[in-house]
Each structure stands twice: as structure tokens, then as C-alpha cells.
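Please keep the sequence and the 3D view at hand while reading.

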Amino acid sequence: MSLLIKNAIIVNADRMAKQPQDILIEKGVIAKIAPSIKADKAKVIDAKDKLVLPGLIDIHVHFREPGQEHKETIETGMAAAAKGGFTTVMCMPNTNPVIDNRSIAELVVNEAKRIGTINVFPIGAITEGLKSEELTDMFELKDAGCAALSDDGRCVSNSHIMRLAMEYAKMVGILLIQHCEDHDLTVGSVMNEGITSALLGFKGHPGPAESIIVARDIELAHYLDARMHFAHMSLKRSIELIRAAKAKGIKITAEATPHHFTLTEEALKSFDTNAKVNPPLRTEEDVAAVKEALNDGTIDCIVTDHAPHAREDKEHDLDHAPCGITGLETSVGLAVTELVDTKVLSWPQLAEKMASAPARIMGLTKKGALAEDYDGDVTIIDPKAEWVVREEDFVSKSVNSPFVGRKLKGRVEATICAGKVVFSR
Amino acid sequence: MSEWTKHDLLDLQDVSRDEIELILQTAKSFKEVSARDVKKVPALRGKTVVMLFFENSTRTRSSFELAAKRLSADTINIAAGSSSVSKGESVLDTARNIEAMNVDAIIVRHSAGGVPQMLSRHLKASIINAGDGCRSHPTQALLDMFTIKEKLGRIEGLKVAIVGDIRHSRVARSNIKGLTTMGAEVTVCGPATLVPREVVSLGAKINYDIYDVIKKSDVIMPLRIQMERQEQKFLPSLREYAIRFGIDKTKLKEAKKNVIIMHPGPTNRGLELSAEVADGEYSVILDQVTNGVAVRMAILYLLLGTKEKPTEDG
């Protein structure tokens, strides 16, 4: 089965095409890109007036399976991803049981294969049970299909273990992703430590809890000549450290979420538990720093940190509600509204942040660009469509979004994975 | 062939290629002694040799003791961990007291690197290092070189792989030094957490790909995985180690036809080395033990035949 996308304005990380072209996908691979392609038996999609990007890649999601299927399953998570324009996602290992061994990694791989829409890679744990005590069998996790390793949700707090993890992972040839949080500084915290927490009387999560670990891991990566990826950067100070380290040639990369470039701690003033997230929403200054870092390349990519929580889990007071925001279905709208429309990023830069860079970071050599011989993963976006986020429109099992009711610009019209339409409006 | 002039054997750092050749040559003539019906020559009659072991040992201590006895020396054994040390005496005090009984050689093993050097500076007796810390184990390296030469006819130009816990291995450090001095090419292989990058400065290459290492090597020497070190979590699991780095029959399929497998002992069978390989056609592990006695006879003979040294105390 072939697929022909007509009249596509192609947006790659390096350029946005001036003229529409056709894209022919055969056997899951981009066979031809040309001004006018004839393919009699191919299914045709007309992308007139739409922008056509390489299939978006989100290297940081939580699909909750196994263990918390009432919040999300691999199947509902994949549906939410396809609706959000994503053709490849990486699932964090803080499931129950944790993805710290081959059988759980294979469960994720096999379930995703059974559903068969988009690409799903598990991320294995760095330490057994996310306890920062013993390294996982990293060779085995890689062989089982893990794309990277992370203790996300927890930081690898023991510096000796982190050092060993970096040495071992470098040998195995697998990327480590750090959730940067000094847990000693954040016990019982609800939100960013600052004016709002002082005003509301909540226990705060101080900025240094993040930047201390960023600094530590930069030092270790430098010392060991190892690679390191920093998850969900939220803080100006962390960004300054990363910028300086990159200038020195240290092999680090970093990501940021839509909520961290859109919202501030002010969102907690209404006591909305859907705005409780880890790392917490910070200040205007931090949001500006995240945007600047996206623009200048200090932050390499955008991820959702899609963290679905069931209604009953979030319907608590702020102290007791879990952290997390469902993000896959609002990511493109927020990125277009907050970054492209405001000239923080150009369209090619957005393709870079949401497709090319994540592909490069994860070593997916046939993804992240629309070019012949690349995988037939495509996201079609209507750049002008305006829409309102509504609870009833979510296909994720959970609706814990602080963006409900918000008007956004830029909407995913169709998602194509390996030449197969996995979502269309 | 050079003459032996050293009073001690502390490590292989300043032992020349000629001196190593001399030890190996001398050992060759002593090997025959142990094969006799009456395994004794009078070479060191009247000499006293003390084995001062602050760390447990089965192989090395009995090997030294037999070597001394077959040369007709008088020997005593001190398991220092259980004697005066537990009463608070320092290493140097213990050694000085022993020397005061007019002994000719002290063979010392200690968990701290540098103890043999310290004793050498203060004592007149010949000091032989039987293993200090993670630093040096010169007699093991010498008996390994003797065995390689015996089995493969030469050392120069051979490719030798040392596999496993390089970080904590005195055997690895002494072998890297000795073998490179003799013109062999040494590659170390093991989990990156147990292979310090700095071994490159000792003259060894690092290669984490065990299959590639096996394919290229003339000699493969897995080291004991020191379970007691696992408290520091250097390995994800012993299981992953055995699967990835353990030397077994399957991995050896790609090995050279005349490869030899060595191990300094004691082995964890099924971990760094499978039982079938340990007992198999390539294994020279028991030859190493046999040769150990001959090499230690040669060392005792050469050291106790040289003249006295000046000391800081004297």
C-alpha cells in the first residue's frame, strides 16, 4: 500500500519549502519527493495550505502500563500521541513493576507492536527499582529494545552510582537521561519555592534542587567524557549551566516541556491540582530563559512529559495530588501559539525541536527529516486553525490539563506512521 | 645474560628485561627439582625465610613455602592478621621483631599498597612482595610469563588479554608491566566500571568488546571477580557479567587455535570462567601453579645469593 501526500509545504529542520511538493511513501519509506508525482494505486491525502513536518518525536512520556492502567494504557497513550502528531514516543520506566529488566521492557515493546500504530520505545531504568542503589543490567535492557535509560520521577541521587552508571552506559552505548532533583531539598514540596509559595504558605521546591544535579552531572560527564541528557529543564540557572557546559564541548543535551515555556507558578494561585507538576512551574524569568534556550539551541528539544493522572487522583488538595500534566494532545498547539506565533522559533526550528533533534539524540538515523529513504513518518499541521482545549476531546484516558479552556493556534490534521494514517481529523 | 644485583623483589617497575630473562632461565633449571623423587637441593641451607601474610592466601603462601623448603631453607609462617596486629602493633614493628630473630628473607603480603617498599627501607632482610593492595604481585606475573614462554615458546609479539576486574587487580598491574617489558601487547577488557581509563598509561590497550578481544589474543587471562568489591556496586549484576564477559566455550569459538587460558586463582567457576574452559584443552591454570614453585625458587635463590644492602636504619 502506497500513500501519496499532495501539495505539501515541507518543513524540515534546515528549511521550509517555498513551493508545494508531493511525497510518495512506499513500503513505509519515503520513496520520492517531487513537484508532481503520479501514483495510480496510492491512497491520496491533500495537504493543500497545510504544513508537512517530519513525524514528531516525543522522548519523554508516561504510559502507566504496567501498573496504573486506570490513568493510561499503552493503547490509549498511543492514540493520544497519534492525535498530538507524534509518530515516535519513548516511555519512561516508572511503571509498576519498573522497567528495570528485560521482561517488562519486552512487555512494552510487544504491546506497542500488537497495537501497531506509532513507534513506541521503552526507556529502561538506570538503577534497580529506581532506588539509586544498584545499576540495572544495561546490556540486557538495550538488547530488549530500550532506547535510553532514566530513573525519571526520581533522580539518581547517589553520586558514586551515577558515576558508575555513566561509565557503564558509555560502554554499552546507551543514553542516560537525568531527572534533576536533589530530593533532600524537595521533601513535601508542592510548587516552586518563591513569592507564590510564600504567599500561599506551601512548602516550596527550591531552584537549586534542580541546578545542583545539573551541575553535578555536567562535572561527571566532563570528567568521564560521557554523554548525558537532562529531562524537563525548568530553571534559568540550570540553563545557564548547560549553556556554559555546551560552550566547553561537554556532551550534554537538554529538553523542555510546553508547560514550562507557557505557565508560571501563578497557575497554582487557583489551587488547580492540574498545574502541580515536577519540576514545578517557575517564574516569568524562568519561562523567558526556557524560550531563549530553545531559540539559541541550549535546549535541544521539546518533550511533553505526558503524565496522565485519573480524575480521582487529581481531585485532592494540592498537598496530596500527584504531579503531572497530560501533554501529548496540546503540545503542537502550545508550541505554535507560544513559540512560533511569538517568533521565538521559526517553523524549521520547531521541526528541529520536535523531530530532528530528538531523532539525533536517540540515534534514530532514518527519522527526523522528510527526505527520500527516510521512514515514512509525517505530521500534517494546519498552522492557522484555532481551537479550544476541551476535556471531552481528549483521547488520553486522563484529562489532567491546566490548559482546558485555553484557545490555541495550530492543529494537527493528520499523523502518518510508516506510510499508514494513524490519525486524521 | 645479566647478573642479579637486587636485594629485594618489590615490584616489576625497575626490573629490566634481562633480569626477567634471568629469573625465567633460573626457574627453568629449578623446575626439574620439583619433578624429582627427592625434591630438595641444598642451595639455601642455613637460611631462614619468613612468610608474613597480613592477608589470606592458600596458593601463594604454600608455593613460597615449598619453594623455600625445596631449597633447604628453614621457614616459618605468620598469619599476621590474627596475631600481634590485632593487639595494636604496627606493620613495621612486627617486621622488625621478626627480623631481630636473624631472618634472611621476609615474604610479605598486605592489603595496603606500598608495605613491601616500607619494610625494604627499614630492614636488612630481603623483602619479597607476595601481593600489596591492588598494586603489585610480581611473582604471579613472573610465573605467568614463565608459563606463557613454556607453552608458546616466546613472549615478545604475543597478544595477551587480561579480562575482568582490572581496577582492583594487582595481578593485572604487574602483568601489564612485565609483559610489556618483555615485548608483548597487552589488552585489558571488562566492564568500564572496572577498567580504569588510566591503564592506557601503563602501556595496555582497552577494548570492551570481548568477542573482538578473544579473536585477536594468543593468551586470555580472566581475573577473579572479587565479590567483596561488589558492595560498591561496580557491576549491575554477576549474571550480566557472566553473560557479557565470562570466558566460556561459546565465546571461545572464535579464538585462535593455539590460544591458552590462564587464571591467577582462585576462580569463580561459572562467573569469569566456565568450568569446561577451566578444565578444557586450552587451560594452563594448573601449569601456572606448578611453575609458581619453580619461579619462586629462582627468586629466593637469586635474592639470597646477593650481598647485603645498606638501610636507612643501618
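In this predicted model, B:S274 counts as buried because 21 C-beta neighbours lie inside 10 Å of this residue, and the cut-off for that class is 20 or more. B:S274 is found in the loop of chain B that runs between β9 (260-261) and α9 (275-278). Once its neighbours within four places in sequence are set aside, B:S274 is in contact with B:G246, B:I247, B:D248 and B:K249. Another residue that can be related to B:S274 is B:L238, which is 36 residues away in sequence and, from C-alpha to C-alpha, 13 Å away in space.

**A helix pair in chain B**

Elsewhere in chain B, helix α3 (residues 91-99) packs against helix α4 (residues 115-122) at an angle of about 50 degrees, and the axes of the two helices are 10 Å apart. That angle makes α3(B) oblique to α4(B), and the contact draws on B:V91, B:L92 and B:A95 from α3(B), together with B:V115, B:M118, B:L119 and B:H122 from α4(B). Sorted by class, the residues of this contact are 6 nonpolar and 1 polar, with no charged residues. The crossing in which α3(B) passes α4(B) is right-handed.

**Domains within each chain**

In chain A, 33 residues of domain 1 are in contact with 46 residues of domain 2. On the side of domain 1 of chain A that touches domain 2 of chain A, the elements giving two or more residues are β16 (378-388), β17 (407-417) and β18 (420-424) of chain A, and β17(A) gives the most, with 7 residues. The make-up of that side of domain 1 of chain A, by class, is 19 nonpolar, 8 polar and 6 charged residues.

In chain B, 20 residues of domain 1 are in contact with 20 residues of domain 2. At least two residues each of the side of domain 1 of chain B that touches domain 2 of chain B are supplied by α1 (17-35), β4 (126-132) and α10 (285-304) of chain B, and α10(B) gives the most to this side, with 6 residues. By class, the side of domain 1 of chain B that touches domain 2 of chain B holds 8 nonpolar, 7 polar and 5 charged residues.

**Where the chains meet**

Between the two chains, 13 residues of chain A are in contact with 10 residues of chain B. On the side of chain A that touches chain B, α3 (138-143) and α4 (159-172) of chain A each supply at least two residues, and α4(A) gives the most, with 6 residues. This side of chain A consists, by class, of 7 nonpolar, 1 polar and 5 charged residues.

Definitions and conventions:
Residues are numbered from 1 along each chain as its sequence is written. Chains are lettered from A and ligands numbered from 1 in the order in which they are written. This is a predicted model: local features need pLDDT of at least 70, side-chain atom pairs count only at pLDDT 80 or more; totals for chains, interfaces and linings use all residues. Axes are lines fitted to C-alpha atoms, for helices over the stretch in contact, and angles run from 0 to 180 degrees between N-to-C directions. Helices (H or I, at least four residues) and strands (E, at least two) are DSSP runs, numbered from the N terminus. Angles under 35 degrees count as roughly parallel, over 145 as roughly antiparallel, 65 to 115 as roughly perpendicular and the rest as oblique. A crossing is left-handed if the near helix is turned anticlockwise from the far one by less than a right angle, and right-handed if clockwise. Two residues are in contact if their C-beta atoms, placed from the backbone, lie within 7 Å. Ala, Val, Leu, Ile, Met, Phe, Trp, Tyr, Cys and Pro count as nonpolar, Asp, Glu, Lys and Arg as charged, and the others, Gly among them, as polar. A residue is buried if 20 or more other C-beta atoms lie within 10 Å of its own, exposed if 12 or fewer, and partly exposed in between; C-beta atoms are placed from the backbone.
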